Amino acid sequence: MKKLSALFFGMVMILTFSSCSYGETELKNRLIIEGIGIDYDEKEDMYDLTVQVLVTSGGGSDEAPENPAVNYSVKGKTIAEAVGSLSDTTGKNPLYSQNRIIVAGSSLTREKIVEALDYFIREYTARADVLMAAAAGDAKDIISNSDGSSEISAKIIEGAIQESSVNSKCENTELYNIVNLYNEDTTTFTMPLLEVTTDRNLTAKTVKVTGTRVFSSGEDENRMSDMETMFFLFVSDKVQSGTFSVETQDGAGALDIIKSKTKTKVSVKDNLPFYETEVKCTVDLVEYDGTRFGNIEKSDILKIQKAAESYIEEGMKEVISRQLKEEKSDIFRFGRMFMKAQPELYGKLSENWSEILPEIGFSVDAQVTVRRIGQETLKA
Amino acid sequence: MTAPVKISSFQFYNILFLSRVFAVVTYIANLRIDLSPSDKAASSVFTALYLFVTCIPTYLLLRKDSQSSIITRASCLSPVFAKILCIVYIADFLYYGTVTAARFELLISSVMFPETNMAFFMLVPLAVAGYGAYKGIEAQGRAAAFFLVLVLLSFAFVFLTILKDFDPLNFPPLFYEGAGGSAAIGAFTCARTGEVFSVALLLPFVKNHKNHHIFLWSAAVGVTVIAADTVISGVLGTFGNTQLFSMYSVSVLAEFGFVERMDAVITCIWMLCAVVKLSFTVFACSYLLLCLFGKKLRLLYISLTAAALFAGMLAVSSSVLNFASVVTSAFTIYGYVFTACVVPLAVLLGEKIKQNKNNKNIENKTLISDSAGDPQ
């Protein structure tokens, strides 16, 4: 009897526990989404979605598909409506779990982005750790751009952001980070800024990370260059590695960041928050344009260290000043730090935080240590 | 009812631990009160404290007699009282079992297969739970020992790989808007630990019960709840408040090198806890029905309980509003306090009164016999 039961249930499992069983969505009926670009058409009051989808047909045939991905453009009052019309057009169900990136066009304001992201937070196949980026122009141009290779452009963009993030040229921003930063009363969220650039021969277009878009509440668009972004990351303690150059009287040096740690202390001065930011950075000297090869002197290294410290300090001062005083944007989560340090005073100041930002005091201090100088010798 | 098969104290509490872990992984943030990540983490400390305190009545009960079931002891006081207790316990178990099945269904239908008809799907775990209950507590104990290893490994993977995303700035000042919210949520979370009252109930199935294990178990549950809430708050921040199942959202982010997108595997492992919990619930209900009616119709009782859970699950999870009103109902907390605290204390008090009465009777009899024997 036991053997018969086992045989019966075994047959039931073989026939029913299959991904191709009746009623399930098969792979060929899925739109495997690789990247999404969201633009906003103000005239029509509609979202304009550019969706990059993996081509799944032809996998088993001798000839591989010419393009590994195809782009669709759909519009809708809501993201769900636009996605619905995508399903109507293709006859397939979208699958977001493979989605690498969501790009927001420059037409999307801070509020519009939050509206649009709600769909991706609710959708069960979407992932909370999908990369977020902003386009310098239309998101459509970023997603549909192809450099002529057989690579999927969303994959290339994802790689570019991750590489730039490692080199401290942008912050790796994921969907759930945006939600968190938006929910903080005083913080302004940011995204890596993408731009389509043309090579020297004007033949191929590539997508490049050119800095950071700051989603301030103001009318004007707030952007930071890639170098400004590096100093923003220094202040925010998010520098992983990267390269920067400094100049001394005797020559210029290029430095590779090995590690960096930032500590920010919050105190109160004249009933306003005061921030003391201290950076400890370890670097390797990878190039020195002195007057001769080898035999770099100890004094030269000390000068480079000093120059690097000034460079980081000046850069941080500039980016803090610009964002706090000119743009009135708290991208450094200073408000959040103040809330933790002085909750009562924060309660009084937080309502007018953007008005208080220009009045906030700060100091910066950088300590740089040159760890290695490469294969050339040292003259002690 | 005779208890032919017994399990060790460790196996017993292991079943209870896994059963409670399911409540941890299906925790729904801010269902009642909107708490900041810090306060949410603090609420878990309250949960641990409440749990410890509410274990004390059961411990006092066990200290006096760690062999007999609370039903047997109640029937010594009054057979009617014992019958009423059986009904109360069945109602409680059915409530907890229904909520567990509904949470299980909601988890699957919200994050895994929203396009599949869950009514049919839920028959499978309930059938497995019924089969587990039919095989008895020993089979459950053995399965739970194996599941514990998997569940602990899954937690270790998630917690260790997610630490890199832990951000202290996600924690605003503690009790910024008062401690009341944390204390209340702590109480509601504690009230999801229906396993407490099954300790006194299922003692006949435990060999050499170690009384202090109840506190070790409550500490293990407390640590798990605190760790889970701290990780959810520190990693997800306020995003965790936007998620229906925040523990699942944490598992989505857990990755290590090329080992990524493990959420499906981890969720499957966590589902084993649901099977343990449902199986244990069905077993406890069938035991209570056996105590209530006396007739040895175990298979019928098991089938009836599983069918009741299935029907309850269908009713509760038919809409998210039904689900919300059932899981946030006051019955959770009152039912918990009544069965975990009031009932054990009432039995203890009843025994004390009965003992005093007996002592008095003996004293009177002694006095009468003494006076009768006195040759005045």
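A residue is called buried here when its relative accessible area is under 20%, and exposed when that area is over 50%. With that in hand, here are some notes on this predicted model.

1. Let me start with S168(A), since the definition above applies directly to this residue. Its relative accessibility is 0%, so S168(A) counts as buried. The residue sits in the loop that joins helix 5 (153-166) to helix 6 (175-183) of chain A. Its backbone deserves a look too: phi of S168(A) is near 60°, a positive value in a residue other than glycine. As background, most residues other than glycine have a negative phi.

2. D270(A) belongs to the loop between strand 11 (252-269) and strand 12 (272-289) of chain A. Is D270(A) buried or exposed? With 75% relative accessibility, D270(A) counts as exposed, whereas S168(A) counts as buried at 0%.

3. Next, the overall layout of chain A. The chain is divided into domain 1, covering 28-215, and domain 2, covering 238-380. Their C-alpha centres lie 33 Å apart. In the contact between them, 13 residues of domain 1 of chain A meet 15 residues of domain 2 of chain A. Together the two domains bury about 1,100 Å², with 47% of it on carbon and sulfur atoms.

4. How many salt bridges does the rule find across the interface of domain 1 and domain 2 of chain A? There are three. One of the salt bridges in the chain pairs E171(A) with K238(A), whose closest N and O atoms are 2.7 Å apart. Sorted by class, the side of domain 1 of chain A that touches domain 2 of chain A has three nonpolar, seven polar and three charged residues. Between the two domains, six residue pairs are in polar contact, with both residues at pLDDT 80 or more.

5. The buried residues are T229(A), M230(A), F231(A), F232(A), L233(A), F234(A) and V235(A). Just after helix 7 of chain A comes D237(A), with a positive phi of about 60°.

6. Now to the contact between the chains. Chain A and chain B bury about 2,200 Å² between them, and carbon and sulfur atoms give 52% of that area. Which residues of chain A lose the most area to chain B? They are Y124(A), R127(A) and Y176(A), which together account for 30% of what that side buries. The contact takes 23 residues from chain A and 27 residues from chain B.

7. R127(A) comes up again among the charged pairs. This residue forms a salt bridge with D263(B), the closest N and O atoms being 3.4 Å apart. The count of salt bridges between chain A and chain B is two. On the chain A side, helix 6, helix 9 (334-341) and helix 10 (343-349) each supply at least two of the residues that touch chain B. By class, that side of chain A has nine nonpolar, six polar and eight charged residues.

8. D284(A), in strand 12 of chain A, is buried, with a relative accessible area of 12%. Setting aside neighbours within four places in sequence, D284(A) is in contact with A254(A), L255(A), D256(A), I258(A), R371(A) and R372(A).

9. The side chain of R30(A) reaches the backbone oxygen of P94(A) at 3.4 Å.

Technical notes
Residues are numbered from 1 along each chain as its sequence is written. Chains are lettered from A and ligands numbered from 1 in the order in which they are written. This is a predicted model: local features need pLDDT of at least 70, side-chain atom pairs count only at pLDDT 80 or more; totals for chains, interfaces and linings use all residues. Side-chain values use heavy atoms; hydrogens and water are left out. Domain bounds come from an automatic or database domain assignment. Contact means heavy atoms within 4.5 Å. Buried area is the accessible area (1.4 Å probe) that two parts lose on being put together, summed over both. A salt bridge is a side-chain nitrogen of Lys or Arg within 4 Å of a carboxyl oxygen of Asp or Glu. A polar contact is a pair of N or O atoms within 3.5 Å; within protein, one must be able to donate a hydrogen and the other to accept it, and residues adjacent in sequence count only if both atoms are side-chain atoms. Ala, Val, Leu, Ile, Met, Phe, Trp, Tyr, Cys and Pro count as nonpolar, Asp, Glu, Lys and Arg as charged, and the others, Gly among them, as polar. Helices (H or I, at least four residues) and strands (E, at least two) are DSSP runs, numbered from the N terminus. Buried means under 20% relative accessible area, exposed over 50%, partly exposed in between (1.4 Å probe, protein chains only).
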